[in-house]
Amino acid sequence: MSTPAPAPAPEDSAAPFDPHAFPSDLVAAQREVAELYAALHAYQETLPWSREPHPGWPEETERGRQRSGRPASPGWSDEQAARFDEFLEDLRKATELVQAHPWWKRCADEGIKGADLVAARQALKHAEGAVPLAREDVDAAA
């Protein structure tokens, strides 16, 4: 009977845990969230301001304050509402993948809590590959 081979040693067990060393599937999920969010809002810009037909209201001045009015809205068609709802549901599912990813449990197990965990979650939104456009792309487009 042979002796089993020893388990491989961790690459660098002395290195501290880095909550910002996000796994690639989490970064990809965050990128999908960002893309869906942008697509939803771009689509929303093409829609009337009210989902249901609404008569709107006039612009008013009250005690020197200007209140902007709204024109009448025809509401959304069934197709527009269905497409919006589909975008929103896709965004909810993608967001769920990010929020419930096992990485956050590992962070908690490693002692990353409170403000440090919030900082890690916020850092994910700006991580390389998690944003559809890089800062250079935005600067070049401007």
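User: Where is S73 placed?

Analyst: S73 sits in the loop between β2 (65–67) and α2. Helices and strands here are DSSP runs (H or I over at least four residues for helices, E over at least two for strands), numbered from the N terminus. This is a predicted model, in which local features need pLDDT of at least 70 and side-chain atom pairs count only at pLDDT 80 or more, while totals for chains, interfaces and linings use all residues. Residues are numbered from 1 along each chain as its sequence is written, and side-chain values use heavy atoms, with hydrogens and water left out.

User: Is S73 buried or exposed?

Analyst: The classes rest on relative accessible area: under 20% is buried, over 50% is exposed, and partly exposed lies in between (1.4 Å probe, protein chains only). S73 has a relative accessible area of 5% and is therefore buried.

User: Which residues does S73 touch?

Analyst: A contact requires heavy atoms within 4.5 Å. Leaving aside residues up to four places away in sequence, S73 touches P48, W49, S50, E52, P53 and H54. The side chain of S73 also reaches the backbone oxygen of S50 at 3.3 Å.

User: How many helices and strands does the protein chain have?

Analyst: The protein chain contains five helices and two strands, and along the sequence these follow the pattern α-β-β-α-α-α-α. Of the 142 residues in the protein chain, 23% are buried. Among contacts in the protein chain with a separation of 6 or more, 68% are between residues 24 or more positions apart.

User: Which residues of helix α3 are buried, and why do they lie on the same side?

Analyst: The general idea comes from helix geometry: an α-helix has 3.6 residues a turn, so residues three or four places apart point the same way. In helix α3 (residues 102–109), W103, W104 and C107 are buried. They lie on the same side of α3 because they cover an arc of only 100° around the axis (taken from the directions from the helix axis to the C-beta atoms). On the other side of α3, P102, K105 and D109 are exposed.

User: What covers the buried residues of α3?

Analyst: The cover includes α1 (24–45), α2 (78–99) and α4 (114–124). Just after α3, G111 takes a positive phi of about 95°.

User: How many salt bridges are there?

Analyst: A salt bridge is counted when a side-chain nitrogen of Lys or Arg is within 4 Å of a carboxyl oxygen of Asp or Glu. By this rule there are five salt bridges. One of them joins the side chains of R31 and E35 (2.9 Å, N to O). R31 and E35 are four residues apart in helix α1 and therefore separated by about one helical turn. R31 is partly exposed, at a relative accessible area of 29%, and E35 is partly exposed at 38%.

User: Which parts of the chain does the salt bridge of D85 and R51 link?

Analyst: The side chains of D85 and R51 meet in a salt bridge at 2.8 Å, N to O. This pair links distant parts of the chain, with D85 in helix α2 and R51 in the loop between α1 and β1 (60–62), 34 residues apart. D85 is partly exposed at 36% relative accessibility, and R51 is partly exposed at 31%.

User: At what N to O distance do the side chains of E110 and R106 meet?

Analyst: The side chains of E110 and R106 form a salt bridge at 3.7 Å, N to O. E110 is partly exposed at 41% relative accessibility, and R106 is partly exposed with a relative accessible area of 41%.

Methods: Polar contact = N/O pair within 3.5 Å; in protein donor to acceptor, adjacent residues only side chain to side chain.
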